[in-house]
Amino acid sequence: MNSATPFSPETSRPSRESEAHRRLRALLEQGLPLTPRPWQALAEQTGLCEQEVMASVRRWQAEGMIKRLGLVVRHRRLGLQANAMVVWDVPDDEVTPLGRRLARETAVTLCYRRPRRLPDWPYNLFCMIHGARRERVLLELAAIIERLDLAALEHRVLFSTHAYRQCGGRYVREGAA
């Protein structure tokens, strides 16, 4: 028996607390409710209080079960059809400072580091730029390159050709909720 799933000794079945927390994990997979008090809405759906919901999420983050809370944006539904991943070959000791600078750019919606896959893939810094048209995205990129003095860095612009299904984290086994 582990502490994440307490059992009631009299019944050998999950206690109310574990059922509520399992339900909370399943609800978190669906995303936070779009309300002024999302933790309260989750509390109402699980039978927990708002403070218990927030404490559980903090504990799961500390334990590494939840790595981060993020937002899945359906770009194409918003009219952003030209979505470009710009990949950069940055000296390793410059990736963090440049990544921070790129992340502050208004046009950059996502920026992260990944390991190189040599010899075919020398790129180690990735950023996304979304726009309604390719021309606009390329103009934004050109302005960023000039503003941050990046002309000397090797990079490639990879435009999306297909929108794949996006989803958040999964915390409950299929069929267990």
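Two rings of Phe, Tyr or Trp (for Trp, the six-membered ring) count as an aromatic pair if their centres lie within 6.5 Å. Keep that in mind for the close-ups below, which all come from a predicted model.

**View 1. Aromatic pairs across the structure.** Search the whole structure and you get three aromatic pairs. One of them joins W121 and Y123 in an edge-to-face arrangement, with 4.8 Å from centre to centre and 75° between the planes. How far does solvent get to these two?

**View 2. W121 with another partner, F126.** Here the ring centres sit 6.4 Å apart and the planes meet at 35°, so the W121 and F126 pair is called tilted. F126 has a relative accessibility of 11%, so F126 counts as buried, the cut-off being under 20%.

**View 3. The aromatic cluster.** Which residues join up here? Y112, W121, Y123 and F126 make up one aromatic cluster.

**View 4. The buried side of helix α4.** Now hop over to α4, which runs through residues 95-103 and has V95, L98, G99 and L102 buried. Why do these four end up on the same side of α4? They span an arc of only 105° around the axis.

Terms used
Residues numbered from 1 in each chain as written. Predicted model: local features only at pLDDT ≥ 70, side-chain atom pairs only at ≥ 80, totals over all residues. Heavy atoms only, no water. Buried < 20%, exposed > 50% of the residue type's maximum accessible area, 1.4 Å probe, protein only. Helix = DSSP H or I, 4+ residues; strand = E, 2+ residues; numbered from the N terminus. Arc of directions from axis to C-beta. Phe/Tyr/Trp six-rings, centres within 6.5 Å; stacked < 30°, edge-to-face > 60°.
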